[in-house]
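Here are my notes on the model you sent over.

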Amino acid sequence: MTQELEFTRPDDWHLHLRDGAEMASVLPHTARCFARAIVMPNLKPPVVTTAQAIAYRGRIQAALPAGLDFTPLMTLYLTDGTTPEEMRRAQASDAVMAAKLYPAGATTNAENGVTRLECIYPALAAMEEAGMPLLVHGEATAADIDVFDRERAFIEASLLPLLRDFPGLRIVFEHITTAEAAELVRAGPPTLAATITPQHLLYNRNAILAGGIHPHYYCLPVLKREHHRQALVAAATSGHPRFFLGTDSAPHAVGAKESACGCAGIYSAHAAIELYAEAFDQAGALDKLEGFASFHGADWYGLPRNPDRIRLRREAWPVPDSYTFGETQVRPLRGGETLGWRLLAE
Ligand code: NCD
Ligand code: ZN
């Protein structure tokens with residue numbers, strides 16, 4: 001049995017860092033492991049201009065503890081009002097890597113998202129021309145669509161039209177959760193890639209609902225049936241270069257999760273690579289982890305692979321019940337339980 005793993009330092013291609021004191025509390029968890037991360041723009045208010053993205057990047061850099069080397073790659077939040085000029089400004093900056101499509105109302109802080117795709121067609125045309133990736137939260141939002149069918153409905157209603165109308169647009173289908181999404185990306189054009197979270201590799205929807213309601217397993221897109229989880233594991237461990245790591249680590253104060261209307265988001269940054277190692281280990285595919293975690297994303301984004309390496313050891317360690325989160329606490333994935341892989345400090 002493999003006891004130790006050593007491989008190229010990974011990157012997180014989908015991360016929520018929040019802002020202010022909350023950001024300062026969670027940032028070290030990501031920076032202890034990942035060299036770079038694509039930072040989501042769903043702040044309140046959202047990051048909609050290049051100037052705001054540059055300012056947000058500055059706040060992240062200022063909060064980084066001494067001795068940790070970490071590069072935040074910024075994104076813009078698309079709204080009905082996003083202009084092609086803003087996209088060209090973003091592409092010309094060295095700060096903004098991509099723009100994020102949240103269908104209006106789809107998830108946490110998506111109130112200002114896009115109501116109709118046609119509203120952003122001029123911006124998408126500018127992105128296609130500039131080679132700027134579009135990151136999509138792939139869930140249809142109409143009230144009559146079953147929550148568990150929202151990703152599939154998005155593929156039909158929005159993703160296939162986008163692929164048809166913008167054949168040159170580079171698209172990341174973020175945090176995919178279904179066999180249909182995995183198959184679409186596997187068989188799709190080279191412009192289409194996907195990120196996969198640790199929770200969607202490790203859990204199915206029973207984690208939320210069996211034996212009581214477990215709000216800390218609630219994220220969007222919501223966990224699906226076991227056969228979808230298995231399809232995601234197969235995709236992630238296949239070695240296919242257009243599937244890569246994106247934690248979607250999304251911290252919320254414990255009280256906002258344990259509530260009559262608990263919000264969506266799972267915090268995993270405290271143990272992200274360890275959780276992925278567990279999923280790949282369970283699948284007998286530890287040899288595929290480096291490609292998924294450290295090569296495929298960098299290659300797809302056209303960035304150099306990281307020059308240094310990390311080490312993981314098979315070693316049980318107890319995950320704390322909670323971590324400080326600004327003025328409050330965040331409950332991490334597996335809080336109060338044990339993990340079997342541990343990242344070694346340099
Ligand atoms: C994210 C958040 O909390 O910002 N929540 C989540 O459940 N994933 C938003 C998102 O990525 O959908
Ligand atoms: Zn997210």
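1. First, a term: I call it a polar contact when a pair of N or O atoms lies within 3.5 Å; within protein, one must be able to donate a hydrogen and the other to accept it, and residues adjacent in sequence count only if both atoms are side-chain atoms. By that count, a nitrogen atom of ligand 1 sits 2.7 Å from a side-chain N or O atom of D248.

2. Ground rules: this is a predicted model, where local features need pLDDT of at least 70, side-chain atom pairs count only at pLDDT 80 or more, and totals for chains, interfaces and linings use all residues. Residues are numbered from 1 along each chain as its sequence is written, chains are lettered from A and ligands numbered from 1 in the order written, and side-chain values use heavy atoms, with hydrogens and water left out.

3. Backbone atoms also reach ligand 1: an N or O atom of A264 is 3.2 Å from a ligand oxygen, and one of G265 is 3.1 Å from a ligand oxygen. The protein covers 100% of the 310 Å² of accessible area (Shrake-Rupley, 1.4 Å probe) that ligand 1 has on its own.

4. D248 turns up again at the zinc ion (ligand 2), whose protein donors (N, O and S atoms within 2.8 Å of the metal, or 3.2 Å for Na, K and Ca; water is not among the atoms, so sites may look incomplete) are H14 (NE2), H16 (NE2) and D248 (OD), 2.0 to 2.1 Å away. Along the chain, their spacing reads H-x1-H-x231-D.
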